[in-house]
Amino acid sequence: MEERQARTVPPTPEAPRWDATQSRILDAADDLIGRRGVHDVTIAELARRAGHSRPTIYRSWSDADDVVRAALLRRVAAVLAHFPVPPETRDTLVDEVLRFSALFRADDVFGRLLEDEPEVFTRYTLQRVGSSQRLILQWLATAIAAAQQSGTVRRGEPDEIAVMLLLIAQSAVLSHGTVSDLLSETAWERELRAALDGLLRP
């Protein structure tokens, strides 16, 4: 008990901030991705839709790919804003990861990428750990450390457990459409819940 009381909870991660000009450019990127996918996101088209010059965009981002990553990061931050308070128990933590997965899949941009361009989704989310994944990992590590204090989550480094938790949830979300003929929505959620709970249980 004393060891659990001594465990500290990492600070809640803060999302990056974008000014009004950057936000308009990211709004344009969201619209393009949602309508056409990432392949049609160019600096010229972003400038036209956002009403800014190309040099203005280049002041914040190096290329169109960089803008896309920033747009996806902003959307991840918006989903994470639904979880302002760290959970106190393993059950609550699992509930929140499942709710995050549902919100992620329901997002206009992420939902389109998952359904229509899974290879693009893989490129931006799985090939390397980018800013979006790091923000999610910070949130998970904070949540794990908080739930560990109740003794309902096993001991271990929250950062390390968070990586495996993300891998499980991310793989399940990415494969959801592939296995829809094999698992009902209820069964998919039940089995994902069991996998997450098994990883976290003392």
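Buried means under 20% relative accessible area, exposed means over 50%, and partly exposed lies in between (1.4 Å probe, protein chains only). This is a predicted model, in which local features need pLDDT of at least 70 and side-chain atom pairs count only at pLDDT 80 or more, while totals for chains, interfaces and linings use all residues. Residues are numbered from 1 along each chain as its sequence is written, and side-chain values use heavy atoms, with hydrogens and water left out.

View 1. The chain has 11 helices and 0 strands (DSSP runs numbered from the N terminus, with at least four residues of H or I for a helix and at least two of E for a strand). Of its 202 residues, 44% count as buried.

**View 2. Aromatic neighbours.** Aromatic pairs are rings of Phe, Tyr and Trp (its six-membered ring) with centres within 6.5 Å; planes under 30 degrees apart count as stacked, over 60 as edge-to-face and the rest as tilted. The structure holds 5 such pairs. Phe104 and Phe110 are stacked, at 4.1 Å centre to centre with 15° between the planes. Phe104 counts as buried because its relative accessibility is 8%, and Phe110 does too, at 2%.

**View 3. A bridge between H2 and H5.** Here Arg74 and Asp27 meet in a salt bridge, 2.7 Å from N to O (the term asks for a side-chain nitrogen of Lys or Arg within 4 Å of a carboxyl oxygen of Asp or Glu). Arg74 lies in helix H5 and Asp27 in helix H2, so the pair ties together parts that are 47 residues apart in sequence. Arg74 is buried at 18% relative accessibility, whereas Asp27 is partly exposed at 43%.

**View 4. Asp197 and its two arginines.** Asp197 forms a salt bridge with Arg90, with the closest N and O atoms 2.7 Å apart. This pair links helix H11 (Asp197) with helix H6 (Arg90), 107 residues apart. Asp197 is buried at 14% relative accessible area, and Arg90 is buried at 11%. Asp197 also meets Arg201 in a salt bridge (2.5 Å, N to O); Arg201 is partly exposed, at 44% relative accessibility.
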